[in-house]
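My notebook is open, and I am looking up a few contacts one by one. Here is what I wrote down.

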Amino acid sequence: MPDTITSHETSHITPSSRIKRNTACTSCRDAKVRCNPSQNPAQPCQRCSKLHLSCVVDRTHKRVSRKSKLDELVQEIQSIKQSVGSQSSTSPTQASGYSQQNEAPAPFKESAPPRLGVPSPVSVSAGEVRPSTLATSSSATIASTSVIHTPESILLVQAELALPRALGSQPFSGEDIDYYFQKYFECYHPYMPILRLRDPNKCYESSPLLFWTIIYIASRRYAKSPTLFPFLLDAIKKDAYSTINNWPLSLPSINALILLCAWIFPDVRFVNDPCALFTGAVMNAILQLGIHCGKGGHPEYSHGVFQNSFSDEEAAFTWAGYNIIAQRVSSSLGLPTLGGLFNQTIQNIIDGRTPFQVPSTFRVLLECQKFCNHLSRTMSACLEESRGVSAQIVLLLENEWNAVRGIICSERADELDRFNALLVQLEIQTYYMIPLPGYDAEALKRNVVRTYSTAQAVLREALELDRKTDFLRHLPHFHFRALLAAGSVVYRVLRSSYMRFMDRAEAEQSAADAVTASRRARVADNDLPTRLGNLFESWLDRLTRNGGAAAAPGTEDPVSSFSHRLSASVTYDCMTRWKTDHVPSCRHKCQPLSSCSCLGSAAAAAGAAAANAAAGVEPARDGDAAAVLPAADALQNIDWTFMDDFDWSFEPVMAAPT
């Protein structure tokens, strides 16, 4: 037979070229997993082939334990502290002027004192250190900025105080600039650690847009003046749109646009935020500068006005950050991938095959978005041929992710890593709610219940992370979009016929968790989290009002009427059904919902009566003009222009100003 190897052929294969069963490759040995070699000696083992790793058999290879790596790091930090201490002792006058910036980070094995401020979800792994608490000239103590997790940047201590700057008519002292930079690197940088330089003066010299973007992000929660954040919001908007029109973009400007996509303007709408525009401009700039190669100073991409004088480390982190943002933007908008390539450069970062160290949380997030890219491409191809997705395909992808998840979420993974992995699982399972026509009702029920349970877990974990690390105060925009997707799944099930056999109290608690999470993510008045919280709260009020007709189970399965918006289909379907639930052919658009008679439900009248009773208003008599004036309106805080994104055909008089 053709597949049979004759004894003459096997005589030419030397014993050293064979992969023996008792000899694992170096990758499997380092991961402490079983190595299943291929029958063909020239082919990699099963694990390396699946994960695209380099399969090398070396009997002399010894696995480097995590403890030994950490010990080496501790010794390196101790030597740095000694060198810095010796320099400061030789020139005490000079060192005292900026002791806050030059103090070296403490080894992570030492017990860190209590930190004043917001703890960040930075994981403690090889190459990462905990920030120490530093004393300032005032009586208060503040936490030092998060250390950028590379060996080179450990030596990059700030040598001087920030210079005072001005943006338009708004002046900033050097002390204020240092404060905002510190808050950014402490509270926001761990979620998107793409910046390699934290010195404010050098940052301003490289890109004023990046400089002011850092201050804008920090002022979302830590503005010293109530007028500062609105001022910065208007200024950054103008600078960002002006920057993408001035070609070519520099690497610092690219980083600024990536960070703006991660913490986008709070007054955006669901479908008209500029993230898609920014990622498109970033993609073109990255490709023309050769950043996707992960190399700085690439001669083939350095010509004319396109000059790439950045380092390999800067190129790799920028390219990784872009792929994460591009994938999240496409997933949240329900569009095919907008340009995320996830090439070999990304794989090298995920596998740790780089001359610089990358935070483990960043690598896990990158692995998660790589799989989401694979998911989006697969589902886009399926939905091109039909108006639904086979449950078998979703199950295969779910099993594939479970295998990857078991590798990346090991005992060393922190809570943020597990939360990111849970979001991928929810994105996969959401496709169960877009079944093929003629689906099996029982199979759909089992799959949707699992999706619903995952959505509940996402909301619970988000609130738990917020309790421990103030996660919802600093979460990136793509994490907020994931919470929106989880809330949409919960509300879609709460409205369906499945509530006949599901625990209503548990479902209402999950719906309330979605409202709470939206409220805690609020940054400014009438921002996206505020409007979403109002929408969820009003729907929950209508679905649970007085336990009457409004609380009765629905009559339809929780199946999305949208099919070509990929994983965002359920979200768009949820928002559309919210509109149809509240105003189905409303003839009294100027009246509050609780007193609107055209809804045709007893719950509306009961809601108005209960509101009047709570306010001490007697029931209206016939001919009483006061009967048309409600005592309370459950929807009075809603900005009705929120639904303009979903073809709302009118704008009620009670709409809040925009």
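A salt bridge here is a side-chain nitrogen of Lys or Arg within 4 Å of a carboxyl oxygen of Asp or Glu. Glu 415 lies in helix 18 and Lys 468 in helix 19, so the pair ties together parts that are 53 residues apart in sequence. Helices are DSSP runs (H or I, at least four residues), numbered from the N terminus.

A note on my source: this is a predicted model, where local features need pLDDT of at least 70, side-chain atom pairs count only at pLDDT 80 or more, and totals for chains, interfaces and linings use all residues. Residues are numbered from 1 along each chain as its sequence is written, and side-chain values use heavy atoms, leaving out hydrogens and water.

My cut-offs are under 20% relative accessible area for buried, over 50% for exposed, and partly exposed in between (1.4 Å probe, protein chains only).

Next I checked Asp 573, which forms a salt bridge with Arg 492 at 2.9 Å between the closest N and O atoms. This pair links helix 24 to helix 21, 81 residues apart. Both Asp 573 and Arg 492 are buried. I also found them in a salt-bridge network with Arg 495, Glu 556 and Arg 577.

My count for the structure is 20 salt bridges.

Conventions:
Helix = DSSP H or I, 4+ residues; strand = E, 2+ residues; numbered from the N terminus.
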